[in-house]
Amino acid sequence: MALWAQMTPRLQYLPTQTLNELYPDSFPLDVRHYLASWIEEQRWETFDVDNMEQEPQARRLLDQMVHLLQEVAQLNPNVVERVKLQHISRNLVCITNIPTLHDFLEFSCFSWFVCVCVCLQKRVQLLHEALCALEQCQSCLILRIKSWRWEQHRATIGVHFDDNLGPLQTWCEQLLGVNGNLRQELMLVKRDHGGAEFHTLQESLAHLLQTLIQSSLVVDKQPPQVIKTQSKFSTTVRYLLGEKMAPGKPVLLKAQIITEAQARNLGQQGVVPNENVGELINSTAILEHNTSSKSTCATFRNMSIRKIKRADRKGSESVTEEKFALLFTTEITITGCETPYSIQAISLPVVVIVHGSQEINAMATIIWDCAFSEPNRIPFIVPERVPWKQMCEALSSKFMSEVQTQRCLDRYNLHFLAQKIFDQPDISEDFSNMPVSWAQFNKEVLPGRNFTFWQWFEGVMDLTKKCLRDYWSDGLIFGFIGKQHLHVILQNKPSGTFLLRFSDSEIGGITIAYVGPTDNGGRKIQNIQPFTKKDLDSAGLGDRIRDINCITHVYPDLPKNEVFKKFFTVPSPPNPDGYLPFKLTTVVNP
């Protein structure tokens, strides 16, 4: 009966022709069903269908079968079933008129063995199909995890990133459950169907399980990508199968800092590097489960790099161009699995500095890496040159993200930036496909200056973020504009017309370009000395614009007192001691 109970759910998968061949009129399916216990108790393997001396024994079994079937028919409350079983029992009685019992023995002794084999084959086939489906689904999951990491990487330059790992965790848990069910089903098949096919299925499921367990460790909150030695920082690593970990001893994660070369070997060989290139403080944390968020995380708090061992540099390479990473490793035991699994995860590239003056150049390395590296690259390869249109996207995205504004860089801004980085101020052609190199971005100083393009651009972002965000967001700052373009749009404007532009000659400065009168009654474009963060901290841009009498209308023709009114501060009341209030005076230099 136990065997028939296992076979019954699988009969639906057998073709009708196969069922008809297994259970013909001489041995109907109903007999196998209603007499399952009796049939499975008999020693059918002792019969030889060609041995006529066993005929009396076979007849006795047939008579017993008919008698049992008649009893079942009489006790069956269903009239239709009762009549059908009685008809079958009469047909079986007719078998006694057959000269030999070959047909009876053929079906009663062996057909259920055949059915078992067919069902086993079908079970194996279904296991193969389920394994293929699991493999495809898991491949999609791993691609999605990689995509999540890639989006996390791109978030450094302001690309939108949804950091919610909940759906991926559910996906991981479901695939783990399916893998476990298939392994259980495979063990049931093993009892009746061993051999090479079983081992192939077993190895495939084991490989999928290992890949899933190892792919479920992710760096949820990345460490700072520019890390100053002796400075504290934190990072969080999450295990997506945390709820499936075997209970017992706490799971300890270890962190170590590795070089670019070690990260490359890690990807090729999967071996944790033995050489320690840096001394990492507070480099261990325990995986802890949060029942409210259903997340299992290890948070490394108060980490710091005490010292770092640098590689030999080539040519003009700077220490701020050298990339490292944090490697997290542990051993995980999953419930239902006998052996622990060694797993690891690697952070995004980091640059280690020893002094704050190196931070801007280090960030340039990170920006170039995040903006222009390819998915699934060899760590941490980046192109030496990229098309200017790709650089435009990165600059605009980073500017919006850093300043926290929805206003992007427009085509005039980007055209000026191209003219600046390529040192071609008088060219109005399309720069889109012109290649820009890493050296042009942050190694070579701009012509006539003592700073690089990135150092200058970063200074503008910092000033705008700290002092000018609302002005920029309201469209009151023209921003990046060359002198040639400036003259074109202001040359026919009346005196007093002005616009705000970022200083071309000073890092982190904003200047006012305006139309002023000449001694002979004409007009000329003049520039006020740039305001820096220090200047704007003492008096805001709005108040400075209010107090400069030679500017009246912001480009194209908006009265300044209306446009900038909300940025004016209320003058201080008279001092009770009799002192006059301070009033800002701005010196205008043509």
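Me: How many helices and strands does the secondary structure of the protein come to?

Reply: The secondary structure comprises 19 helices and 19 strands. Helices are DSSP runs of H or I with at least four residues, strands are runs of E with at least two, and both are numbered from the N terminus. The model is a predicted one, in which local features need pLDDT of at least 70 and side-chain atom pairs count only at pLDDT 80 or more, while totals for chains, interfaces and linings use all residues. Residues are numbered from 1 along each chain as its sequence is written, and side-chain values use heavy atoms, with hydrogens and water left out.

Me: Why is L395 called buried?

Reply: Buried means under 20% relative accessible area, exposed means over 50%, and partly exposed lies in between (1.4 Å probe, protein chains only). L395 has a relative accessible area of 3%, so it is buried. Of the 590 residues of the protein, 45% count as buried.

Me: Which residues is L395 in contact with, leaving aside its neighbours within four places in sequence?

Reply: L395, found in helix α12, is in contact with W388, L409, L417, F441, F453 and F457. Contact here means heavy atoms within 4.5 Å. F457 is 62 residues from L395 along the chain, and their C-alpha atoms are separated by 8.9 Å. For the protein, residues 24 or more positions apart account for 66% of the contacts with a separation of 6 or more.

Me: What makes the contact between helix α11 and helix α12?

Reply: Helix α11 (residues 359-372) packs against helix α12 (residues 388-403) at an angle of about 120°, with the axes 10 Å apart. The residues in contact are I367, W368, A371 and F372 of α11 and Q390, M391, A394 and K398 of α12. By class, these are 6 nonpolar, 1 polar and 1 charged residues. Ala, Val, Leu, Ile, Met, Phe, Trp, Tyr, Cys and Pro count as nonpolar, Asp, Glu, Lys and Arg as charged, and the others, Gly among them, as polar. Axes are lines fitted to C-alpha atoms, for helices over the stretch in contact, and angles run from 0 to 180 degrees between N-to-C directions.

Me: Why are β6 and β10 said to stand at the edges?

Reply: The open sheet has 4 strands in the order β6-β4-β9-β10, with antiparallel pairing. β6 (284-286) and β10 (341-346) each have a single partner strand, so one side of each is left without a neighbour in the sheet. The twist averages 30° from one strand to the next.

Me: What makes β15 and β16 a pair?

Reply: Strand β15 (residues 509-517) and strand β16 (residues 523-527) share 5 bridges in the antiparallel sense. G516 stands opposite K524 in β16. The hairpin has 5 residues between the strands, and G521 takes a positive phi near 90° there.

Me: What is phi in N376 and in D423?

Reply: Phi of N376 is near 60°, a positive value in a residue other than glycine. D423 has a positive phi of about 55° although it is not a glycine. Most residues other than glycine have a negative phi, and most peptide bonds are trans.

Me: Where are cis peptide bonds found?

Reply: The bond from P379 to F380 is cis, with omega near -15°, and F380 is placed in the loop between α11 and β12 (385-387). A cis peptide bond also joins Y555 and P556, with omega about 10°. P556 is in the loop between β18 (553-554) and β19 (558-559).

Definitions and conventions
Two strands pair if DSSP finds at least two bridges between them.
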